[in-house]
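Let us read this structure one feature at a time.

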Amino acid sequence: MRIAVLKERAPGENRVALTPETAKKFAALGATVAVEEGAGSGASVTDEAYREAGVEVGPAAQIVKDADIVLGVQAPDPSALAGAKPGAWVAATFDPFRNGDLVEAYAKAGFEALSMEFMPRITRAQSMDVLSSQSNLAGYKAVLVAANTYGRAFPMMMTAAGTVQAAKVFVMGVGVAGLQAIATAKRLGAQVSATDVRSATKEQIQSLGAKPVFVENVAGIEGEGSGGYATEMSEEYRTAQAELVSSHIAKQDIVITTALIPGKPAPRLISDAQIASMKPGSVIFDLAVAQGGNVEGSKPDEAVAKHGVTIVGFSNTAGHLAADASALFARNLYNFLSAFWDKEVGKPVLDEEIGDAVRLTQGGKVVNARLATT
Ligand code: NAD
């Protein structure tokens, strides 16, 4: 069983799908592990560190030759996989709803694409969930970047020269990233409020010591929502939410937006008119900017100034914490493959519940039910 890892080719992608720690664990299962030279450099992992962990380090073509499994953060172009075994597995993120051509190309090339974003949200798969591990770090980073961009302090400070007021932070979307954003902003001493469409998040917001701000007159999504995910909301709900946001946002200094809907563009939560109502010097971090953005006018990897407010957002927020993000991503992949490792055959054998959920292509065809219905 040969497991290969290439250097990520996407612009600005500093993460890597394997660390020396997970390489050793794969070797302990009986696998041979090979990594392209320089693959870990963006995440502060040297080729030497891989070699010390028993990994073969070399040029891409050599690494991929005869691979049974290829691991990636962002799925490589199938042309980079020439020489891998026919039907080899590629476990990575594919962004399948937006990358239909890539999925087709994987089917054509005869590889089995395993999309880590499609990991089901069930208890036993929690340790395999790259969306959670990466969102958690992204939520933290968003608050730090917003704090750094903001020309004032976060905590209240009583000094001999007078009092500095605590910053007011509003978090929109309280999934994994939003919860971490709340916790980080609280730790920095801000006054934090938060909102979501899923009613289960109300208690979670309170348990972190923040104030829930919810649409009251129109029903949102009961409890956790299906699989923990939100859906698109009705026109009536969106109007009520816009009114609520308008009345709240003008008093905020920092807004962190994190709202996503699987398979759909990110919902628009903040309009230009609402930005104009904020105080000059306020900062908005749009964590959803790469999925279309929650904020009107936000642009990936640019600081946009509008009405005296700075709007920031990264195309790859977790990639700005590449070392930790890689360590968690690599563990997610190890937890996934090792959970299914069949010692007798010396390779992983997926079950239906998780295998069918993550498998996009097999036997030359696109086989995933979620892609067939969209
Ligand atoms: P996500 O990234 O898909 O979305 C972020 C948040 O935005 C969600 O809370 C969503 O409800 C919210 N949102 C969507 N549209 C909105 C709108 N119009 N206005 C305001 N908010 C809106 O979500 P996520 O971070 O991946 O996680 C969602 C849930 O799933 C969490 O409760 C999390 O604990 C759960 N989860 C469970 C597992 C597991 O059991 N294996 C793994 C990961 C996450």
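Q: Which side chains count as charged, and where is each charge placed?
A: Lys and Arg count as positive, Asp and Glu as negative; His and the chain ends are not counted. Each charge sits at NZ of Lys, CZ of Arg, CG of Asp or CD of Glu. This chain has 34 positive and 40 negative side chains. The centres of the two sets lie 4 Å apart.

Q: What kind of model is this?
A: This is a predicted model: local features need pLDDT of at least 70, side-chain atom pairs count only at pLDDT 80 or more, and totals for chains, interfaces and linings use all residues. Residues are numbered from 1 along each chain as its sequence is written, and side-chain values use heavy atoms, leaving out hydrogens and water.

Q: What does "buried" mean, and how much of the chain is buried?
A: Buried means under 20% relative accessible area, exposed over 50%, partly exposed in between (1.4 Å probe, protein chains only). Of the 374 residues, 50% count as buried.

Q: What is a nonpolar core?
A: In soluble globular proteins, nonpolar side chains tend to be buried together. A core is a set of buried Ala, Val, Leu, Ile, Met, Phe, Trp, Tyr and Cys residues joined through side-chain atoms within 4.5 Å. Here the largest has 39 residues. Leu-18, Phe-26, Leu-71 and Phe-336 have the most contacts inside it. Another core, of 28 residues, lies apart from it and includes Ala-142 and Val-169.
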